[in-house]
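Visitor: I have not looked at this structure before. Please show me how to read a few of its features.

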Amino acid sequence: MASKYILNDGSIRWMADVTTYYNGSIIRKRKKGFPTKRSAKKWEAKTYSAYMEGNPQTEFPKPKEKHKKIRDAWKEYLNYKELNNLKYSTIIGYRSIYRNHFDPVFKNKDIDGLNKSCLKIIEKILRRDISTKTQTNILNLLKSFFKYLKKMNYYKGNIPNFPTIKRDLPDFRYFDSGQVTDLQRTLKKLDKNFYLMFALAVKTGLRRGELFGLRWKDIDFAKSILHVRKNFVKGRITNPKSRKSRTVPLHESTISLLKSFKHNRNYIFSKEDGSILSVSRGDKILRKACENANLKPCGWHVLRHTFASELASSGVPIAVIKELLGHNDIATTMKYAHLSPESQRSAICQLEKYNSL
């Protein structure tokens, strides 16, 4: 803001004063000696515009570059992702990856020299005895972090070459009908709430968080359908993983089972005070049921695989299974395609019309 002052001879002069934010720093520039307020304001406007366009005049001091710490940049990166509506569960996963794989190498170093630390992380990840999917997820996050640092002009060097990892063929576990029956029988004795959750898991294919986030108003008893609208992750209710709700038909036996458990609380799987049941207890109960049924312990996602595998084995089209599971990409659902031998045989039989060949 321009201000006037008086010289010793009594004449009036004006001083220009510009304060702005440039390249990560607050910049203030003053200049005296302007004969009129108009000339001082003109200088201020020109100076401000130069900084806004990223091209300050050479007569002005350039801000000193600060040596930013990697941990500070990582916090900024996560905030940036959250502002861009990245799912809460994904943010939790990113924090875990940083804590377990990045921070032991980066520590609290300056961003300068980041390249060498990055190459060390890549080497460690490639040597780890983990799935190729996990390796890919970790390296993709590291690459995304680098791109953010370049975008924000924190990192001046080149982005390292990230290896392309050949993905393993999908390997998943599921239960047959006899194993499902054994587990249901065991769970009914251990905990009736999680017995109901197990039944819904194998009959609807819902994810664990979707089951815990299920409310009675999500069940349409008249139309025998279930609406997947919420997901319970790390103590927080969020949207489903696919960011959109979906509808799953319910069998009459499932409707009857739900009616037998009906209560007046909001969430189906809740305590007497209305709070959602313990996720860790649910995991523990399922492992205990597997042990009692002489089966290898499993997580709730195996029940989702069981649902999809049964549909595929019964000849249900992959596109239909995709919608029921809430997958964004049909490629994710295709891992169940090989379980439909009858569909494959039916396809080959279509070639019989060429029997004259």
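**Reading the sheet, the helices and the cysteines**

Guide: Strands of a sheet pair through backbone hydrogen bonds, either parallel or antiparallel. Here an open sheet of 3 strands has the order β4-β5-β8, and the pairing is antiparallel. Two strands count as paired if DSSP finds at least two bridges between them. β4 (219-220) and β8 (246-249) are at the edges with a single partner strand each, so one side of each has no neighbour in the sheet.

Visitor: What kind of model is this, and how are residues numbered?

Guide: It is a predicted model, in which local features need pLDDT of at least 70, side-chain atom pairs count only at pLDDT 80 or more, and totals for chains, interfaces and linings use all residues. Residues are numbered from 1 along each chain as its sequence is written, and side-chain values use heavy atoms, with hydrogens and water left out.

Visitor: How many helices and strands does the protein have?

Guide: The protein has 14 helices and 8 strands. Both are DSSP runs numbered from the N terminus: helices are H or I with at least four residues, strands are E with at least two.

Visitor: How many bridges join β5 to β8?

Guide: Strand β5 (residues 225-228) is joined to β8 by 4 bridges, and the two run antiparallel.

Visitor: Is His227 buried or exposed?

Guide: His227 is buried, with a relative accessible area of 18%. Buried means under 20% relative accessible area, exposed over 50%, and partly exposed in between, using a 1.4 Å probe and protein chains only. Apart from neighbours within four places in sequence, His227 is in contact (heavy atoms within 4.5 Å) with Leu214, Asp218, Asp220, Arg246 and Thr247. In the protein as a whole, buried residues make up 40% of the 357 residues.

Visitor: How do I describe a pair of helices?

Guide: Two packed helices are described by the angle between their axes and the distance between the axes. In this model, the axes of α2 (residues 70-83) and α5 (residues 132-151) come within 10 Å and cross at roughly 95°. The axes are lines fitted to C-alpha atoms, for helices over the stretch in contact, and angles run from 0 to 180 degrees between N-to-C directions. α2 and α5 are therefore roughly perpendicular to each other, a label for 65 to 115 degrees; under 35 is roughly parallel, over 145 roughly antiparallel, and the rest oblique.

Visitor: Which residues meet there?

Guide: From α2, the residues include Trp74, Tyr77 and Tyr80, and from α5 they include Leu141, Phe145 and Tyr148.

Visitor: How many disulfides are found?

Guide: A disulfide is a covalent bond between the sulfur atoms of two cysteines. A search of the whole structure finds 0 disulfides, the test being a pair of cysteine sulfur atoms within 2.5 Å. Cys290 is in no disulfide, and the nearest cysteine sulfur, that of Cys298, is 3.7 Å away. Cys290 counts as buried at 0% relative accessibility, and Cys118 counts as buried at 0% too.
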